[in-house]
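Have the coordinates open while you read.

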Amino acid sequence: VKELTGADEEDIVRITETGKALMAILQKGTVSVGGKPADKDTLELLLAGDRETLLLGIRCATFGTEIELTEVVCSRCPELQTMTIDLKKDVKIQTLKDRLQDRTFVLNLKVGKVKVTLPTGNTQSTLVNATNKNNAELDTLLLSSCVLEINDATVLGQAQIRNLGIQDRRTILEEIAKRNPGPLLNEIKKACNTCGQEVELPLTLAD
């Protein structure tokens with residue numbers, strides 16, 4: 001990855017939607033993948049978690065590794081605090097044990113056996129470009145990209161995903177979130193400056 005330039009910034013700030021802006025940052029800041037020049041098609045084949053790790057790297061290359069958070073609240077201490085997060089030291093990166101086998105997994109649910117694959121850049125692009133969709137509809141799009149088979153029958157469209165029970169859908173989404181590699185931005189913790197108690201400092205990709 002590389003540091004973003006002023007020319008990159010001019011292009012990025014024209015984009016009003018956060019998701020599309022992040023995709024633009026990814027394309028402008030990624031130099032190569034596997035030793036080959038990065039292009040849109042290659043980036044869309046990467047796992048979503050790999051893309052998030054690249055975004056974190058681009059942020060560090062452009063602005064440095066530290067983020068300062070003001071008005072942090074500790075449950076034990078009354079005064080607001082300022083804390084600094086080091087994106088390289090304080091953010092854990094989850095990886096796959098087996099890069100090929102762990103991309104897909106099987107769940108035994110109410111509907112039966114469901115084969116699932118982890119989301120890729122193509123999935124993220126579909127979600128980013130889905131305008132005027134509510135959360136349930138976005139879940140359907142995500143699951144349509146990730147659910148490969150239901151009881152050994154190939155999933156061919158969104159109808160099969162819509163017919164899944166709500167609990168089964170939620171279980172699949174939870175498993176994808178749990179297994180997805182990449183930076184664990186929601187699990188950042190730092191010791192309180194005053195009492196030493198751990199304070200949760202979750203971040204998002206937008207941060």
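**Checking the labels**

Keep in mind that this model is predicted.

Q: What do the buried residues of α8 pack against?
A: They pack against β6 (104-109), β7 (112-117), α6 (135-146), β8 (147-150) and α7 (158-162). Contact here needs heavy atoms within 4.5 Å.

Q: Which residues of α8 are called buried?
A: D168, R169, I172, L173, E175 and I176. The label calls for under 20% relative accessible area.

Q: What makes them one side of α8?
A: They cover an arc of only 160° around the axis, so they sit on the same side of α8. Over on the other side, I166, R170, E174, A177 and K178 are exposed.

Q: How do you know that the span of helix α8 agrees with its residue count?
A: Helix α8 has 14 residues (166-179), and at 1.5 Å a residue it should span 20 Å. The end C-alpha atoms are 20 Å apart, so the two agree.

Q: Why is β6 with β7 called a pair?
A: A pair needs at least two bridges, and β6 and β7 have six, in the antiparallel sense, so they qualify. For N108, the bridge partner in β7 is K113. With two residues between them, β6 and β7 form a hairpin.

Q: What covers the buried residues of α5?
A: The cover includes α2 (18-29), α3 (40-45), α4 (48-63) and α6. The buried residues of α5 (residues 121-128) are G121, T123, Q124 and S125.

Technical notes: Residues numbered from 1 in each chain as written. Predicted model: local features only at pLDDT ≥ 70, side-chain atom pairs only at ≥ 80, totals over all residues. Heavy atoms only, no water. Helix = DSSP H or I, 4+ residues; strand = E, 2+ residues; numbered from the N terminus. Expected span 1.5 Å × (residues − 1). Buried < 20%, exposed > 50% of the residue type's maximum accessible area, 1.4 Å probe, protein only. Arc of directions from axis to C-beta.
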